[in-house]
Amino acid sequence: MHLDFEVVDLQAAVAHALELGARESGHQPQENVRVMLDPAGHPFCLYMDSSNS
């Protein structure tokens, strides 16, 4: 299962995920999407609707 989370502030959401133990993936497909890995290595995405950027 892969989860995608829409966020209002991508930079703040990434910072929060990092504080909770996630890490950024080496592959980032788009400017408004951040692929993250949870502590066990499972991927999830944080994304911001491009109309909100």
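Before reading the chain's pattern, I note that helices and strands here are DSSP runs, numbered from the N terminus. I also note that this is a predicted model.

**Entry: overall fold**

I read along the sequence and found the pattern β-α-β-β-β. I counted 1 helix and 4 strands in the chain. Next I looked up the radius of gyration, which is 10 Å. The globule rule gives 10 Å for 53 residues, so the chain is as compact as a globular protein of that length. I then checked the C-alpha trace along its principal axes, and its span is about 30 × 20 × 20 Å.

**Entry: contacts and surface**

I turned to burial next. Of the 53 residues in the chain, 28% are buried. For the surface, I found that the chain exposes about 3800 Å².

**Entry: Ser 25**

Where is Ser 25 found? I located Ser 25 in the loop between strand 2 (23–24) and strand 3 (33–37).

Is Ser 25 buried or exposed? Its relative accessible area is 18%. Buried means under 20%, so Ser 25 counts as buried.

Which residues does Ser 25 touch, leaving out those up to four places away in sequence? I found Val 35, Met 36 and Leu 37. My note on Ser 25 therefore reads: a loop residue, buried at 18%, in touch with Val 35, Met 36 and Leu 37.

How values were computed:
Residues are numbered from 1 along each chain as its sequence is written. This is a predicted model: local features need pLDDT of at least 70, side-chain atom pairs count only at pLDDT 80 or more; totals for chains, interfaces and linings use all residues. Side-chain values use heavy atoms; hydrogens and water are left out. Helices (H or I, at least four residues) and strands (E, at least two) are DSSP runs, numbered from the N terminus. Buried means under 20% relative accessible area, exposed over 50%, partly exposed in between (1.4 Å probe, protein chains only). Contact means heavy atoms within 4.5 Å. The radius of gyration is taken over C-alpha atoms; the globule rule is 2.2 Å times the number of residues to the power 0.38. Accessible areas come from the Shrake-Rupley method with a 1.4 Å probe; for residues, only the protein chains shown count as cover.
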